[in-house]
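Here is a short briefing on one part of a structure, for a reader who has not seen it before. Please keep the sequence and the 3D view at hand.

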Amino acid sequence: MAVSHFLTAIKAELTKEAKLLSDSSTEEFKVALERWSDRDLKTPSAIVLVATEEDIVKTVKLALKYNVPFVPKSGGHSAWSTIGLEGVIIDLSNFNSVTIDTAAEAVTIQSGVVNKQLIGTLYENDLCLPLGGGNTIGSVPQALGGGLCALSKICGNTSDNILSARLITSTGELITVDEHTPDLLWALKGAGQYYGLVTSLTLQAYPISTLRSPDGTLWTGTFIFSVEKMTEIASLASTLMDEQTHNSANIAVVTLNPESGTPCLLIMCLFFGSTAEAEEYTAPIKALGPLIVMENRTKYSDINDGMDAFCAKGGFKQFKLAGAMRFDPEPWGEIANIFVELKEKCPDVVSGGFGFEWVTGRQKVIELDSAWAHTEVKSWVESLSWYTNEESGPAVDESTERALTAATRSFKKEEIHTYQNFSRDSSLESRFGSQERVEKLQALKKKWDPNGIFTKVLL
């Protein structure tokens with residue numbers, strides 16, 4: 001009954017550019033419902049396709065008035081951007097303008113902007129920004145959760161570069177969050193999803209010369225090895241992670257060869273600098289005898305294109321990360337075998353894999369503290385599950401836990417970091433660091449969202 005009253009009220013309030021989708025049998029509704037993963041996919045009573053900030057504010061206010069739960073959706077990658085018939089989705093994808101302030105080297109983005117659009121606009125204006133590694137990821141939500149990225153050593157994470165935000169509070173009020181609300185701004189930089197619905201962010205951008213090339217390009221290298229090389233690669237990576245001279249972002253993952261569909265070891269490298277410097281950095285990798293080597297220089301606007309296959313919508317997917325301030329290469333041969341066994345057990349595993357990523361170079365000093373607690377993490381262990389038969393879920397989850405347990409078994413519990421954009425069941429300390437930081441976040445949650453409108457996390 002509450003939902004029906006809400007739908008009647010919001011239909012009369014939306015701008016003419018907005019849409020209210022409430023018939024789940026229509027193709028338009030089905031397309032709007034699509035997400036990166038079909039795991040735990042629910043069907044809401046309605047999807048509100050907003051077009052303006054006014055649409056968003058009115059939708060939130062009416063949802064609060066009629067006690068209708070809601071979730072925002074931007075790029076659709078979040079495991080939590082889904083809700084059942086008890087609620088509605090606020091789809092932000094059409095609220096997606098990018099405004100550049102070239103004089104201040106700043107950019108303001110609306111909450112439906114995705115990374116490909118933002119990076120392209122920045123590139124056209126000879127600017128860049130630290131952003132995550134997927135073209136279709138929502139730029140605002142990934143920034144609010146931290147924004148792990150290739151440029152993190154040079155520029156900090158995305159969250160470190162948040163200057164201000166427009167936010168709808170748990171009472172429906174639209175406010176500006178900036179230096180005049182320092183505690184709330186501190187919380188938005190790494191835990192922002194839990195304090196309100198952010199309609200736009202203003203971020204610090206950087207000259208394209210930050211990429212350390214004269215033409216705004218980066219060197220990219222892809223190396224494919226046999227799975228048996230994983231132990232050697234992990235050992236080599238443990239030394240490359242200490243590299244301070246060169247700035248690069250790297251991932252090594254046991255996955256499936258896109259052509260043969262058989263397990264292989266894939267290494268991808270983004271290098272900031274000259275081709276000669278990149279070749280010097282990657283020479284030890286080549287010395288291990290890759291089966292395939294692909295090297296190129298890529299425009300900044302195309303930096304994430306190599307990840308497009310992993311960003312496809314649909315299928316059953318889950319992404320997990322565990323970080324630490326040190327790296328243990330010892331278990332990686334075992335972990336590679338877990339993936340090989342999983343593919344044999346579940347032929348419908350179509351991609352994904354188990355791996356680790358690292359960024360090299362000297363870390364930029366981050367002057368302002370924030371809710372982000374993982375700047376000193378040396379390497380992130382990652383698991384991407386991707387399968388097509390829902391019945392394979394338990395077997396995939398079991399293999400994932402085996403792999404993550406093996407990768408972190410030499411670490412004490414307090415050494416393990418988890419990334420809050422991908423986890424809401426790990427300890428608050430692993431997501432947000434010290435008990436002092438957690439207590440500050442909890443106090444701010446009680447102040448700004450005491451009833452848990454924006455999830456019960458931190459209450």
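The model is a predicted one.

**The sheet**
- Five strands form an open sheet in the order E5-E6-E10-E8-E9, and their pairing is antiparallel.
- Strand E5 (98–101) and strand E9 (174–177) are at the edges; each has a single partner strand, so one side of each has no neighbour in the sheet.
- From one strand to the next, the twist averages 15 degrees.

**Strands E8 and E10**
- Strand E8 (residues 162–168) and strand E10 (residues 197–204) run antiparallel and are joined by six bridges.
- Isoleucine 168 has leucine 197 in E10 as its bridge partner.
- In general, strands of a sheet pair through backbone hydrogen bonds.

**Helix H7 and the sheet**
- Helix H7 lies across E8 and E9.
- The direction of H7 is at about 95 degrees to E8.

**Helices H7 and H13**
- The axes of helix H7 (residues 182–191) and helix H13 (residues 435–448) come within 10 Å and cross at roughly 110 degrees.
- Angles of 65 to 115 degrees count as roughly perpendicular, and H7 and H13 are therefore roughly perpendicular to each other.
- The crossing of H7 past H13 is left-handed.
- On the H7 side, the contact is made by Asp183, Leu184, Trp186, Ala187 and Ala191.
- On the H13 side, Arg437, Lys440, Leu441, Leu444 and Trp448 take part.
- Of the residues in this contact of H7 with H13, seven are nonpolar, three are charged and none is polar.

Notes:
Residues numbered from 1 in each chain as written. Predicted model: local features only at pLDDT ≥ 70, side-chain atom pairs only at ≥ 80, totals over all residues. Heavy atoms only, no water. Axes fitted to C-alpha atoms, helices over the stretch in contact; angles between N-to-C directions. Helix = DSSP H or I, 4+ residues; strand = E, 2+ residues; numbered from the N terminus. Parallel < 35°, antiparallel > 145°, perpendicular 65-115°, else oblique. Left-handed = near helix turned anticlockwise from the far one by under 90°. Contact = heavy atoms within 4.5 Å. Nonpolar A, V, L, I, M, F, W, Y, C, P; charged D, E, K, R; others polar. Pairing = 2+ DSSP bridges.
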